[in-house]
Amino acid sequence: MQWRQIKTLFILCFLVLNAYLLFMFFDKLEELDYGLAENNEASTFKEQLENEDIEISADLPEEELNESYISVNQKSFTDKEVETLNGLGNQQSEVIEGNFIVSQFEEPVTIPEGADNNLISEIVKSNILLPENYTYGTWNKEMNVLVFFQEKRGLPIYYNQNGIVVVYLNSNNEMIFYTQTMLGEAETPTEEKSLIKPIDAIQVLFDGDRLWPEDEITDVNMGFHQRIPLPSGQQVFAPTWTITVNGEEKFYVNAMENLVFSSDEMTFLTDYISYTKERLQSLKDDNEVKEYVLNHLETMPTDNRSDTE
């Protein structure tokens, strides 16, 4: 009788052990299948790029990044900041409605031929208010303007008329005047989340037929792009991958939602020039800065839309 009980106990122990080992086996098998699927998916996409002769020469960040949306209002410049602005040499400045700076250089400031991005940044930042808040973005040759983006949380905010410096050059590539706006303190309305990987952002472009055979991904960077403008004037910005193709065309992929933002630089600059003209109207007609800036803006290229649209 006692032997039968012991035998039954052994059988139960073996059954429990077998069940545990079986569970562990399927758990490991599932992990292996998931890893293979993930690797196969990555391999498949890389193979697709190779088949289309699409090259990625940009260095892709490998570390996992976490970020959140930010919400920001436009900043009004303080009396002390305006005083600092007026103390800058070689320029005559106007502050419109407390938040829009237009400043004309009394003597044009030369951008040396062959100047690299660092030198351009140094020259411009030595001539504007609160320079540490901005980073060099681009030199649009068609408009002949230098664009500086404001930074938040160490990242640039792309193409937002309320947080930008636009420097206008003459035909000799000399700085003749600039406009400047600024966003205030950033709030974080959501918790930080893990961002999509840059290779996944590239795949969003590929799947959306925005990449063509023999294209080259030449640069990948992280910044913020406007997601939602609120009626209060507050703006919500999303962390965004900026993907540069062939050293020229830029795409903006929301790093939290896989959305592709449409940001045509010429359209933005054309709209910004129209916006600048509107802001200048609040100055008196005999204002020298207003007259000089408006005369220059009227000579600049625009797209096919009229300013009254």
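This note walks through a predicted model, point by point.

1. **Ground rules.** The model is predicted, so local features need pLDDT of at least 70 and side-chain atom pairs count only at pLDDT 80 or more, while totals for chains, interfaces and linings use all residues. Residues are numbered from 1 along each chain as its sequence is written, and side-chain values use heavy atoms, with hydrogens and water left out.

2. **Overall make-up.** The protein has six helices and 15 strands. Both are DSSP runs numbered from the N terminus: helices are H or I with at least four residues, strands are E with at least two. Of the 309 residues, 43% are buried. Buried means under 20% relative accessible area, exposed means over 50%, and partly exposed lies in between (1.4 Å probe, protein chains only).

3. **Surface and contacts.** Take the contacts between residues at least 6 apart in sequence: 63% of them join residues at least 24 apart. Contact here means heavy atoms within 4.5 Å.

4. Strand β13 (residues 235–245) and strand β14 (residues 249–254) run antiparallel, joined by six bridges. Two strands pair if DSSP finds at least two bridges between them. W241 faces V253 of β14 across the pairing, standing opposite to it. Three residues lie between the two strands of this hairpin, and N246 in the turn has a positive phi of about 60°.

5. **The β14–β15 hairpin.** β14 also pairs with strand β15 (residues 260–261), antiparallel, over two bridges. Here Y252 stands opposite F261 in β15. Five residues separate the strands of this hairpin. N258 lies in that loop. Its phi is near 65°, a positive value in a residue other than glycine. N258 is partly exposed, at 35% relative accessibility.

6. **Aromatic pairs.** The whole structure holds 13 aromatic pairs. Rings of Phe, Tyr and Trp (its six-membered ring) pair if their centres lie within 6.5 Å; planes under 30 degrees apart count as stacked, over 60 as edge-to-face and the rest as tilted. F105 and Y178 make a tilted pair, 5.8 Å centre to centre with 45° between the planes. F105 lies in strand β5 (residues 100–110) and Y178 in strand β10 (residues 174–180), so the pair ties together parts that are 73 residues apart in sequence. F105 is buried, with a relative accessible area of 3%. Y178 is buried at 0%.

7. **E67 and R153.** E67 is found in strand β2 (residues 66–67). E67 is buried, with a relative accessible area of 9%. Its side chain makes a polar contact with the side chain of R153, at 2.9 Å. A polar contact is a pair of N or O atoms within 3.5 Å; within protein, one must be able to donate a hydrogen and the other to accept it, and residues adjacent in sequence count only if both atoms are side-chain atoms. R153 itself lies in the loop between β7 (145–152) and β8 (155–156). R153 is partly exposed, at 38% relative accessibility. Its phi is positive, about 55°, although R153 is not a glycine.

8. **Helix α4.** Seven of the ten residues of helix α4 (residues 198–207) are buried, so the helix is largely enclosed by the rest of the structure. Among the buried ones are P198, I202 and F206. D209 follows α4 and has a positive phi, near 60°.

9. **T276.** T276 is found in helix α5 (residues 265–280). T276 is buried, with a relative accessible area of 0%. Leaving aside neighbours within four places in sequence, T276 is in contact with F100, Y168, T179 and L297. The C-alpha atoms of T276 and L294 are separated by 8.9 Å, and the two residues are 18 residues apart along the chain.
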